[in-house]
Amino acid sequence: FLRDSIHQFPIPEGKSGQQATELLQKRLETLGAVREGVFCVDCETYYSAPNISEFTDPSRSVNIIHNTEHPATCFALLDTGLCLVADLTFDMLMLKMAGIYSPKKSTKMEAKGPRYEVADFLVKVGSVSMGPSFRGILVEVEYLPCVVPSSCWDLMREFLQGFMGTAVQGPPQYLQGRMNELYNPVDTVQQYMDHFNSFRRASVASIAASVK
């Protein structure tokens, strides 16, 4: 078992996204972290077609998520909160349902970047993009020996604050009600989805503000 926690890193004033990412990487290397490959988490959202409204609510959506830590798995997160775990043939199924569900390419989310190992921690620094645009930085930290978050959160917070500063105060909202539960890979997917939705809302708000 392992437990992970995903946090947004606020970009310091006057720095670009790339500069902020490099700053985090240098801080990690100062702590003795060793770079071990790269990772990617992507999310494509499919929306139900309006012309089938007699069969399904037109506002229905399905989020298809891939995580390179689970290369043979496809996660389908429904708008009801239910998460289906399947193999990669599920992607082909979604393509065959093109008349029922279709994706919006401009809203595809992706977090990718380097992986680091330091002691019992695995750290991933992900640059987040929506379509072609950079949106922010997410940091995922896994504490490998941990079974439940309540038994290791204080240690994880101390480690996170060592390179992220006061940006980390408490556990992510998704974990707050699950601090005594066993970890499941779906917990990681749910946390990324929460952050991706937050970036999408911020993007919509930014566009709305620029139109005024």
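Arg-115 forms a salt bridge with Glu-69, and their closest N and O atoms are 2.8 Å apart; a salt bridge here is a side-chain nitrogen of Lys or Arg within 4 Å of a carboxyl oxygen of Asp or Glu. The structure is a predicted model, in which local features need pLDDT of at least 70 and side-chain atom pairs count only at pLDDT 80 or more, while totals for chains, interfaces and linings use all residues. Residues are numbered from 1 along each chain as its sequence is written, and side-chain values use heavy atoms, with hydrogens and water left out.

The chain is divided into domain 1 (4-39 + 110-205) and domain 2 (41-103), with bounds that come from an automatic or database domain assignment. The C-alpha centres of domain 1 and domain 2 lie 25 Å apart. Across the boundary, 15 residues of domain 1 are in contact with 15 residues of domain 2, contact meaning heavy atoms within 4.5 Å. The two domains bury about 1300 Å² between them, 63% of it on carbon and sulfur atoms; this is the accessible area (1.4 Å probe) that the two parts lose on being put together, summed over both. In domain 1, Val-189, Met-193 and Arg-200 lose the most area to domain 2, together 35% of what that side buries.

Two salt bridges are counted between domain 1 and domain 2. Strand E7 (109-118), strand E8 (121-130) and helix H5 (185-211) each supply at least two residues of the side of domain 1 that touches domain 2. Helix H5 gives the largest share of this side, nine residues. Sorted by class, the side of domain 1 that touches domain 2 has nine nonpolar, two polar and four charged residues; Ala, Val, Leu, Ile, Met, Phe, Trp, Tyr, Cys and Pro count as nonpolar, Asp, Glu, Lys and Arg as charged, and the others, Gly among them, as polar.

Turning to the whole chain, there are five helices and nine strands, taken as DSSP runs (helices H or I, at least four residues; strands E, at least two) numbered from the N terminus. The C-alpha atoms fill a box of roughly 55 × 45 × 30 Å along the principal axes.

The salt-bridge count comes to seven. Arg-60 forms a salt bridge with Asp-79, with the closest N and O atoms 3.1 Å apart. Arg-60 lies in the loop between strand E2 (34-48) and strand E3 (61-67) and Asp-79 in the loop between strand E4 (73-78) and strand E5 (83-87), so this pair ties together parts that are 19 residues apart in sequence.
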